[in-house]
Amino acid sequence: MILADVHPVARWFWGLLLASCLIWYGTVTVYVAIRGLLDIRTMLRRLEEVRRQGPA
Amino acid sequence: MTHFSWPIDGSIVGVYLLATMVVGIMVRRYVGKVEHFLVAGREMNVYLGVASLAATEFGIVTCMYTAQNGYKYGFAGAIPGLTNVLAMFLIGYTGFGVKPLRDAGVMTIPELFEQRYGRFVRWLSGVVIVLGGLLNMGVFLRMGGQFLVVCCGLDLRYLEVTMTALLIAVAVYTVLGGMLSVLVTDFLQFVVMSAGLIAVTILVLLKVGWGNILAAVDRNYGAAGFNPFLHPDLGWQFALSNTLTSLAAVLTWQPVIARVLAARDSRTGRRIYTRTSFFFIARWMLPGLWAMGALAAAAVTPEKLAEIAQRLGEKDGTLFAMPYFLGLALPSGLMGILVAAMLAADMSTDSSYMLTWGSVIYNDILGPLRRRRPLSERAGLLWNRFIVAAIGLFLLFWGLWYRLEGDLWAYLQLTGTIYLAAMSVLLVACAYWRGANNWGAIAAIVVGAALPVIGLALDKLIQVPVRDAAGQIIMVGDVPKTIGWKSLYIGDHWLNIGTYAATAAAMIIGSWLKNMLVRPVDSDRGATREVRS
């Protein structure tokens, strides 16, 4: 393998960055999927209230 | 031969498309006013904002240009992602520029400018925002169609049909539900897109191997593949150009700013920025990695990519390395997830962009007409829907006609600069410089728009033969290989940096001139109100 030729600092930098991306993205996707649903429910409930009150 | 299977992958894609359309159309009943249509009644909270911002700022076109950078420059090509992260986090954390913007309670950036620079500057800002925005977005649809054709192995005859079908699907729910439909479908699209991106990345890593990807980058580009400052085509001017673009885009790119403006308050808007910031490196790293997987794959050869590019009428085959590689590498089932994810990404981007450019046309360009003859909410909604549909038609025709000259990212950066340079300078001056006035603003807008437009025109109108190291003209068949004049003699990075510098200088000189030549009592009627945080 040619890995020895690749600058070790660069290899670690990009490797850690990629790992951080995958871990962060995986976690945020699950979290946002749950919290975002609640946000949508709240937003639509408020807009429904506005709609029921009629034009200001 | 790709592994796309119509019964399996087609069903996955079909179910996803149906779900999106149903959800998008369902929320239209909540749209009763123009404010609901354009900024969702300003009821968006943090996590919906994070999903929407991430989904909007990742389309097939994003995937294509980040992958092209990965294929052409290795890891060094992902530097714009790092500048994006830093810019978005810093601006979200400090509220620089975006806090006064949200606190002003406006629906678009030009609306804020009217308070400081007057009506004409608002109108002119609207014109350059729409010009830059539509030219930028003009290639989205074509890229989406090309990705699907190459990745799924569709017949080329279906390229236009694919593009049109994609556009109609997006236009239907955007026209009906405006920002509300965009937000709710963005949420669904974020989940599907993220699942697809993560799954495909893991599969590429398992199939190709991290070591082989590193070795492929090293073999093709050496140390320059890991360090942009060593790359002859990148260098510090590439990093500086992207830093300027990132800062300006985070401050004033209307589809991004629309999330701050639709947020419940400026604190929510800033939290959306800080919490989404890291996504901006993921959107460069993951597709970039897929393309570096293509570098390691024996089946993806420059000859094959050139043949695909010729078939699709494009000049640069590197654009198609990633979709061609994925078509070969992914098994059936995962192909369906990938295509659904990419469609999700593309639909969320197209819908948001159509809506935000439409909002500027309605709010700022047509604003002076509405002052003379105010519209009812119903008529305003109808106008907005008509404008979004008209933008869709423009995209279809521009996408069919326009051919790229160089890197996709360079094109997007340059067309974005048509307005990013001037709008970011105007916003910063509006919020933080007492001496700024409408002379400076007009000078900045004209200079900021003129330089990139001249650059694009030089590329299109003057073609120069490409020569090899020995000075001989390179031939493609019987025809000499050509490149645009600006790309060869100025370069996209220098033009970008020069535009920002000239725009800032125009703002300063124009404002000073007015402050020196015009007495304050005569100055800018109705345009001197301070807008400060």
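The radius of gyration used here is taken over C-alpha atoms, and the globule rule is 2.2 Å times the number of residues to the power 0.38. This is a predicted model, in which local features need pLDDT of at least 70, side-chain atom pairs count only at pLDDT 80 or more, and totals for chains, interfaces and linings use all residues. Residues are numbered from 1 along each chain as its sequence is written, while chains are lettered from A and ligands numbered from 1 in the order in which they are written.

**View 1. Chain B as a whole.** For 533 residues, a compact globule would have a radius of gyration near 24 Å, and the 23 Å of chain B agrees with that. The C-alpha trace of chain B spans about 70 × 60 × 40 Å along its principal axes. Chain B holds 24 helices and four strands; helices (H or I, at least four residues) and strands (E, at least two) are DSSP runs, numbered from the N terminus. Of its 533 residues, 59% count as buried. A residue is buried if 20 or more other C-beta atoms lie within 10 Å of its own, exposed if 12 or fewer, and partly exposed in between, with C-beta atoms placed from the backbone. Of the contacts in chain B with a separation of 6 or more, 85% join residues 24 or more positions apart; two residues are in contact if their C-beta atoms, placed from the backbone, lie within 7 Å.

**View 2. Where chain A meets chain B.** Chain A comes to one helix and zero strands, and 21% of its 56 residues count as buried. The contact between the chains takes 31 residues from chain A and 35 residues from chain B. On the side of chain A that touches chain B there are 19 nonpolar, five polar and seven charged residues. For these classes, Ala, Val, Leu, Ile, Met, Phe, Trp, Tyr, Cys and Pro count as nonpolar, Asp, Glu, Lys and Arg as charged, and the others, Gly among them, as polar.

**View 3. Helix α3 of chain B, residues 46–56.** Eleven of the eleven residues of α3(B) are buried, so this helix is largely enclosed by the rest of the structure. Look for B:Y47, B:G49 and B:L53 among them. The partners of these buried residues come from both chains: α1 (8–53) of chain A, and α10 (159–208), α13 (254–262), α14 (266–276), α15 (279–296) and α18 (334–365) of chain B.

**View 4. Helix α14 of chain B.** Here B:G269, B:R270, B:I272, B:Y273, B:R275 and B:T276 are buried. The buried residues of α14(B) pack against α3, α5 (79–94), α6 (98–103), α13 and α15 of chain B.

**View 5. Helices α9 and α18 of chain B.** Two packed helices are described by the angle between their axes and the distance between the axes. The axes of α9(B) (residues 140–152) and α18(B) come within 11 Å and cross at roughly 175°. Axes are lines fitted to C-alpha atoms, for helices over the stretch in contact, and angles run from 0 to 180 degrees between N-to-C directions. The two helices are therefore roughly antiparallel to each other; angles under 35 degrees count as roughly parallel, over 145 as roughly antiparallel, 65 to 115 as roughly perpendicular and the rest as oblique. From α9(B), B:F140, B:G144, B:F147, B:L148 and B:C152 meet B:V339, B:M342, B:D346, B:T349 and B:D350 of α18(B). This contact has six nonpolar, two polar and two charged residues.

**View 6. Helices α15 and α17 of chain B.** The axes of α15(B) and α17(B) (residues 321–329) come within 8 Å and cross at roughly 70°, and the pair is therefore roughly perpendicular. B:P287, B:W290, B:A291, B:G293 and B:A294 of α15(B) make the contact with B:A321, B:M322, B:F325 and B:L326 of α17(B). By class, it has eight nonpolar, one polar and no charged residues.

**View 7. Helix α7 of chain B and the residue after it.** Eight of the nine residues of α7(B) (residues 109–117) are buried, including B:F113, B:E114 and B:R116. B:G118 follows the helix with a positive phi, near 100°.
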